[in-house]
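Reader: I'd like to go through this one label by label. Can you walk me through how each call was made?

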Amino acid sequence: MSLSTIPRLDEAERQRALDALHVVGTLPEPAYEDIVQVAAAVCGAPMALVTLLDRETQWFKASTGVDGHHSARNVAVCDHAIRQPDELFEVGDLSKDSRFADNPLLEGINARFYAGMPLVTGTGAALGSVCVLDTTPRELNDTQREALRALARLTINLVESRSREREQQVATILEQAVTVEDAPAPTSGGDYSVVILELQQLDEVARRVGERTLDRQLTQLDQALEQCLQLERGDSINRVTGSGEFIAVLGTDDPADTLGRIQLAAEPITTALGTRLLLGAASTSTGESNNVLFLRADQALSQAKDAAR
């Protein structure tokens, strides 16, 4: 399906699609750093970014030539770029464009030129862009424009590939949600709940405390959360590899008490790290499939992120 035939999503649908990928706030990855380095080199630009537009924030998955790791969305040129998801958005002189002439973000980095290609999923969700900026007015040539389009395709393929890897691990966690000997597996039918717990802004926490300290704290958090479970009823919890995300399966369709204990147990660690642990839960008493229940929990987590703005 070509981009021109993909239906446009409204903002709520776009945000849900971004949430479902669980990419915002993740730790830096060399593959994305390579993309911005290539974008800057090919386009002869001193600045390049992979951006994602998340609610009120423009978050940088990777960047070169730009200090900081996020900005307010209301001053993001990329927010204009995603409104035309099938087109490269290019502004030859930002200072002469009424939309950007008094933009404090652009003034802060002395940006006069912008070109960005939106990152568009197969379902039509424009998540952000691969973009380049320069300190002098200019324009790209056709070869550079096509390179930027190709890098955007490469980037969205990478995002979606990472998401599929996560989905496979989550499926394994749910399938293996079996507990102590003689205790029934909660996912075999009947009453159970799936809970997704996600530590927010993991990348910022890692920069603040260091990845080794973060990893130790995540291990402690995993242990603290496990202490909140009732193993005799089939509860289990597992951390998704390399992330601040935990998947719990509880052998009850009324998890309120356990969720309360989880929030209390997490508070000392999240306070020490200077972040929050958000959660989404879904329950069933009719033995819904793992996938259906997980998707409902993921939607609940997205709603928790809306409420936390």
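Reader: What makes aspartate 235 and arginine 233 a salt bridge?

Author: Keep in mind that this is a predicted model. The side chains of aspartate 235 and arginine 233 come to 2.8 Å, N to O. The cut-off for a salt bridge is a side-chain nitrogen of Lys or Arg within 4 Å of a carboxyl oxygen of Asp or Glu, so the pair qualifies.

Reader: Why is aspartate 235 called buried?

Author: Aspartate 235 has a relative accessible area of 1%. Buried means under 20%, so aspartate 235 gets that label.

Reader: And why does arginine 233 count as buried?

Author: The relative accessibility of arginine 233 is 19%. The limit is under 20%, so arginine 233 counts as buried too.

Reader: What makes arginine 16 and aspartate 306 a salt bridge?

Author: Their closest N and O atoms are 2.8 Å apart. With the cut-off at within 4 Å, the pair therefore counts.

Reader: Which parts of the chain does that pair tie together?

Author: Arginine 16 lies in helix H1 (residues 11–21) and aspartate 306 in helix H9 (residues 290–307), so the contact ties together parts 290 residues apart in sequence.

Reader: Why are arginine 16 and aspartate 306 called partly exposed?

Author: Arginine 16 is at 33% relative accessibility, and aspartate 306 is at 24%.

Reader: How many salt bridges turn up in the whole structure?

Author: The search finds 23. There is also a network of salt bridges that links Glu11, Arg14, Arg73, Asp79 and Arg83.

Reader: On to the strands. What makes E4 and E5 a pair?

Author: Strand E4 (residues 89–91) is joined to E5 by 3 bridges, running antiparallel. Pairing needs at least two bridges, so they pair. Glutamate 90 has alanine 115 in E5 as its bridge partner.

Reader: And what makes E5 and E6 a pair?

Author: 8 bridges join E5 to strand E6 (residues 126–134), again antiparallel. At least two are needed, so this pair passes as well. In E6, alanine 115 is partnered by valine 132.

Reader: What makes E5 mostly covered?

Author: In strand E5 (residues 113–120), 8 of its 8 residues are buried.

Key. Residues are numbered from 1 along each chain as its sequence is written. This is a predicted model: local features need pLDDT of at least 70, side-chain atom pairs count only at pLDDT 80 or more; totals for chains, interfaces and linings use all residues. Side-chain values use heavy atoms; hydrogens and water are left out. Buried means under 20% relative accessible area, exposed over 50%, partly exposed in between (1.4 Å probe, protein chains only). Helices (H or I, at least four residues) and strands (E, at least two) are DSSP runs, numbered from the N terminus.
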